[in-house]
Amino acid sequence: MKARHLNAVALAFATGLAIASAHAQDSGVVYVEAFGGASILRDSDVSGNVVGKASVKSGRVVGAAVGYDYANSPFRSELEYISRSGDAKTFAGGASGDFASTTFMVNGYYDFKVAGSLTPYLGTGAGYVTEIDFDISGGAGPGEYSDRGGFAWQAMGGVNYALTNRIGLSGELRYFDAGSRTLTGSTGQVKAGYASFDAVVGVRYRF
């Protein structure tokens, strides 16, 4: 990822933390969370320099978020940075490749307050694609193809288990969709869809 994108990551998280901290005069709580797990990219029709259907193996997803849990409310909001990747199985005359993305997301959650240490929740998010890469080897159009910018959305459901008043463990399922993308390389373009199903576990720390 280029330096300007790393700078954007740092700026967005610093801004989010500052905004959340500004609300600290009420009894809401700022938290940070790190998570990772498996990402299963949906199969996609590919056109352009490479034509065929890319069947993608399961890959990995990692990310981090800074959020704010509002006082006397079931709602939370957060800023998230997340990276996904997966290997495409052989397609289009022997071609294969790696399909990966990085995104910024703004998420909103609804926590179902129940007795005990478990808190089920649902959420949705919208955000900005900082980069999508499709590195293709073999076949008729090998090379690195990429795209930046554009809209993405996701939906989440999971449960958090409070180990202490500050530390919690979460398990979550997600659907992520960045739509159909036109990726550009040095020898032309490739068009493909980018969507995934994710299963992640995370650790949350409440300040």
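Biologist: How many cavities of 30 Å³ or more does the count give?

Modeller: The count gives one cavity of 30 Å³ or more. The model is predicted, so local features need pLDDT of at least 70 and side-chain atom pairs count only at pLDDT 80 or more, while totals for chains, interfaces and linings use all residues. Residues are numbered from 1 along each chain as its sequence is written, and side-chain values use heavy atoms, with hydrogens and water left out.

Biologist: Which residues line the largest cavity?

Modeller: Lining residues have an atom within 4 Å of a point; among them are E33, F35, R76, E78, Y109 and R204. Strands β1 (29-41), β5 (75-91), β10 (167-185) and β11 (188-206) each give at least two lining residues, and β10 gives the largest share, three residues. A strand here is a DSSP run of E with at least two residues, a helix a run of H or I with at least four, both numbered from the N terminus.

Biologist: What is the make-up of that lining by class?

Modeller: The lining of the largest cavity has five nonpolar, one polar and six charged residues. Ala, Val, Leu, Ile, Met, Phe, Trp, Tyr, Cys and Pro count as nonpolar, Asp, Glu, Lys and Arg as charged, and the others, Gly among them, as polar.

Biologist: What are the volume and the lining classes of the largest pocket?

Modeller: The largest pocket has a volume of about 420 Å³. Of its 25 lining residues, D69, D111, K113, T119 and R206 are the closest to its centre. By class, the lining of the largest pocket has seven nonpolar, 11 polar and seven charged residues.

Biologist: Why is N72 called exposed?

Modeller: N72 has 81% relative accessibility and therefore counts as exposed, the term for over 50% relative accessible area; buried means under 20% and partly exposed in between (1.4 Å probe, protein chains only). N72 is found in the loop between β4 (58-69) and β5, and its phi is near 50 degrees, a positive value in a residue other than glycine. Most residues other than glycine have a negative phi.

Biologist: Why is S47 called partly exposed?

Modeller: S47 counts as partly exposed because its relative accessibility is 33%. It lies in β2 (residues 44-48). Beyond residues up to four places away in sequence, S47 touches Q189, V190 and K191, a contact being heavy atoms within 4.5 Å. The C-alpha atoms of S47 and Q189 are separated by 8.4 Å, though these residues are 142 apart along the chain.

Biologist: How do you know that β10 pairs with β11?

Modeller: Two strands pair if DSSP finds at least two bridges between them, and 17 bridges join β10 to β11, which run antiparallel.

Conventions:
1 Å grid on protein atoms, 1.4 Å probe; cavity = no way out; pocket = protein on both sides within 12 Å on 5 of 7 lines; lining within 4 Å. Points joined across faces, edges and corners; volume = space filled by probe spheres on them.
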